[in-house]
Amino acid sequence: MTNSTVNLEGPVCPIPLRHDEKIVMGHGSGGRMSHELIGRLFQTPFANPALAAGDDAGVVAVATDRLAVSTDSHVVWPLVFPGGDIGRLAVCGTVNDLAMMGATPRYLTAGFILEEGLDVALLAEVVLSMQAAAAEAGVQIVAGDTKVVQRGKADGLYINTAGVGELPPGRAIGGARAQAGDVVILSGPIGDHGIAVLGARGELGFEADVVSDVAPLNGLVAALLAAGGEAVHVLRDPTRGGVATTLNEIARQSGVAVVLDERAIPVRPPVVAACEMLGFDPLYVANEGKLLAFVAAEAAPAVLAAMRATRYGEEAVVVGRVQAAPAGRVLLRTAIGSTRVVDMLAGEMLPRIC
Amino acid sequence: MEICGGQTHAIVRHGIDQLLPPQIELVHGPGCPVCVTPLELIDKALDIAARPNVIFTSYGDMLRVPGTGRDLFSVRAAGGDVRVVYSPLDAVKIAQANPDKQVVFFAIGFETTAPANAMSVVQARALGLKNYSVLVSHVCVPPAMHAILGSPHNRVQGFLAAGHVCAVMGYWEYPPIAAQYGVPIVVTGFEPLDVAQGILATVRQLEAGRHEVENAYGRAVTFEGNIPAQRVLEQVFEVRDRQWRGIGLIPASGWGLRAEYAEFDAERRWDVSDIHPQESPLCIAGQILQGLKKPHDCPAFGIQCTPESPLGATMVSSEGACAAYYRYGRHLSSDELRVTSDEFRTAPHSPTLHSSPVTRHSSLP
């Protein structure tokens with residue numbers, strides 16, 4: 001926005017400076033500056049009738065009598081990392097939460113908390129990235145809110161998204177529906193997002209050639225549901241806490257045991273290397289573009305084939321099976337043939353000492 | 001006995017001990033740096049970290065280790081500036097960037113972490129930093145082996161020496177120990193096959209009635225070790241008696257800063273004399289660290305003591321034996337670990353153990 005620079009050389013009228021480069025408190029006042037920022041940054045990229053109406057709430061139409069509703073706040077740092085940024089993450093996070101219920105994501109809202117001093121150009125980049133992700137997922141951002149807090153009261157930019165998705169009649173997918181005999185399918189290699197973000201922080205003294213997997217998974221879900229139908233019992237994206245924590249949640253909700261085959265779990269070599277150095281187990285590292293599907297055994301080959309035919313499921317593999325007991329446990333058959341428990345993550349993941 | 005807590009975790013994580021014949025028992029050793037750091041020193045760290053104008057830096061592992069009534073996380077939550085660093089050289093950078101603050105690094109660990117910690121002091125001096133200091137509690141492996149082997153309760157018949165420690169120090173310190181106590185010592189790595197290789201070499205020696213030092217981790221370890229690292233250690237540190245948490249005082253078992261570097265000693269910079277540490281009366285970490293008991297022998301294990309609310313450091317550290325047993329489900333019965341799904345009932349894949357080269361050193365050259 002260089003076309004509006006004010007020339008301060010020589011005598012000038014006391015025209016207020018335009019704040020085009022950095023967010024200032026006035027951008028959150030609700031007044032003219034807020035409107036200008038919203039008009040300039042948000043309305044054009046997000047253009048849709050509900051948002052353009054400019055009313056207190058976006059009005060939308062839905063095609064089913066049941067909706068899935070979800071919300072997710074995003075505080076990732078750094079705001080931009082290899083493979084994505086906070087905007088793409090914010091859209092994909094909510095889209096994926098809706099998709100994991102078997103819903104078709106339709107509309108999102110976005111709430112922005114901006115820290116005074118944030119680069120407007122960076123914010124614009126994030127907004128465009130949100131729009132690109134929304135377009136890819138086929139959803140509209142129909143309502144929004146912007147607040148500005150004083151410098152030091154936030155970490156640059158926080159984004160909350162909420163969303164609704166249409167649930168077709170009879171669709172019943174949930175964490176409590178895993179059954180003994182189900183096959184557990186993982187949509188691709190794990191740990192990319194967590195390691196990419198950690199590497200991008202530059203605090204831990206390593207650079208990993210890893211890109212975040214952040215992606216909208218509703219297309220993948222649509223494909224696997226078309227192939228598996230009611231044989232698909234559980235879908236969940238292993239975000240924070242990783243595959244280990246997500247499987248523990250499902251095992252507890254369903255009262256079953258999940259048995260993993262260590263050799264089958266795909267992890268890219270640079271992720272393995274970074275995890276070894278830091279003392280992390282890839283099973284606990286966050287993903288933002290992967291899902292776990294629990295599918296009745298007879299439907300598993302068709303579901304797997306359908307997943308592999310999609311962009312975000314090309315590397316899908318069977319990683320485990322469900323058995324009746326011990327209820328609520330995740331077991332792992334190790335590469336050398338022994339068996340151990342895979343527990344939930346306890347507290348914060350800490351780099352080890354040596 | 002595997003000395004190193006990293007090896008204990010590898011063994012439990014991969015279930016190597018479950019696959020061994022019953023005649024072979026792996027006794028878990030004291031090689032968990034976080035576990036043996038004395039409570040008094042942790043309390044000193046908590047005291048310093050809570051002070052205004054201090055940036056307290058530490059390896060991540062130390063943050064959840066309980067001191068008397070609190071840990072570094074709770075100090076941070078109460079407003080202390082506690083930061084995790086991956087290397088002490090990052091702590092030096094923090095000191096450079098914050099000249100108005102005192103930056104303290106919690107320099108704990110075995111021979112593995114000591115060279116980098118020593119190097120941070122050398123760098124701080126070269127940079128002329130007056131706001132950097134280290135709270136030192138370094139310990140060494142060979143004196144601990146002497147203490148274990150010299151104990152009347154000793155059960156250890158052979159050692160898997162810690163591969164990472166030997167990568168720094170070499171293994172020239174071990175032949176006299178093997179000779180004095182008549183135990184085989186095999187330098188061992190951390191992958192499942194490395195550990196199996198170390199066990200195999202140890203058992204072969206025992207079967208043959210030999211007690212020698214062997215290197216089964218030749219891809220990382222040489223007899224001499226890392227000479228430049230040893231020189232930095234020699235330059236900055238001198239041998240001291242050290243308290244080991246749960247074990248007690250072991251003479252000449254660790255390092256402290258030499259007088260020439262006393263200005264970087266956090267214990268001199270801060271008055272931390274008024275410390276009254278109190279161990280949990282329930283915790284048996286000391287007996288576990290000496291190989292006398294296993295984690296599940298402890299009545300508090302998995303009940304009062306869990307990774308979320310640990311009574312002792314062995315339940316917290318990523319190298320602690322109790323944490324390994326808990327994390328990988330050793331508190332469960334074998335019924336609870338039974339795999340019934342058909343496709344997982346296959347026999348263990350047989351790893352090839354006989355092809356890796358093993359170098360043997362029966363005496364000092």
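These are my notebook entries on what I looked up in the structure above.

**Ground rules.** I am working with a predicted model, in which local features need pLDDT of at least 70 and side-chain atom pairs count only at pLDDT 80 or more, while totals for chains, interfaces and linings use all residues. Residues are numbered from 1 along each chain as its sequence is written, and chains are lettered from A and ligands numbered from 1 in the order in which they are written.

**Entry on a helix pair in chain A.** I looked up helix H3 (residues 86-99) and helix H4 (residues 120-137) of chain A, which pack at an angle of about 30 degrees with axes 7 Å apart. Helices here are DSSP runs (H or I, at least four residues) and strands likewise (E, at least two), numbered from the N terminus. The axes are lines fitted to C-alpha atoms, for helices over the stretch in contact, with angles from 0 to 180 degrees between N-to-C directions. H3(A) and H4(A) are therefore roughly parallel to each other (angles under 35 degrees count as roughly parallel, over 145 as roughly antiparallel, 65 to 115 as roughly perpendicular and the rest as oblique). On the side of H3(A), the residues that meet H4(A) include Ile86(A), Val91(A) and Val95(A), and among their partners in H4(A) are Val126(A), Met130(A) and Ala137(A); contact is counted when C-beta atoms, placed from the backbone, lie within 7 Å. The residues of this contact divide into 11 nonpolar, two polar and one charged, where Ala, Val, Leu, Ile, Met, Phe, Trp, Tyr, Cys and Pro count as nonpolar, Asp, Glu, Lys and Arg as charged, and the others, Gly among them, as polar.

**Entry on the cores.** I then noted that the largest nonpolar core has 111 residues, and that Ala49(B), Leu135(B), Ala161(B), Cys166(B) and Ile185(B) have the most contacts inside it. Such a core is a set of buried Ala, Val, Leu, Ile, Met, Phe, Trp, Tyr and Cys residues joined through C-beta atoms within 7 Å, and a residue is buried if 20 or more other C-beta atoms lie within 10 Å of its own, exposed if 12 or fewer, and partly exposed in between. Helix H3 (residues 39-49) of chain B gives the most to this core, with seven residues. Apart from it lies another core, of 108 residues, including Val95(A) and Phe112(A).

**Entry on H3 of chain B.** Nine of the 11 residues of H3(B) are buried, among them Leu39(B), Asp43(B), Lys44(B) and Ala49(B). The buried residues pack against elements of chain B that include E3, strand E5 (102-109) and strand E6 (132-139).

**Entry on backbone exceptions.** Most residues other than glycine have a negative phi, and most peptide bonds are trans. I found a cis peptide bond joining Trp77(A) and Pro78(A), with omega about 0 degrees; Pro78(A) lies in the loop between strand E1 (67-74) and strand E2 (80-81) of chain A. The bond from Ala325(A) to Pro326(A) is cis too, with omega near -5 degrees. In chain B, Asn53(B) has a positive phi near 70 degrees, lies in the loop between H3 and strand E3 (54-58), and is exposed, with 10 other C-beta atoms within 10 Å. Ala252(B), in strand E11 (residues 248-257), has a positive phi of about 45 degrees and is partly exposed, with 13 other C-beta atoms within 10 Å.

Methods: Two residues are in contact if their C-beta atoms, placed from the backbone, lie within 7 Å.
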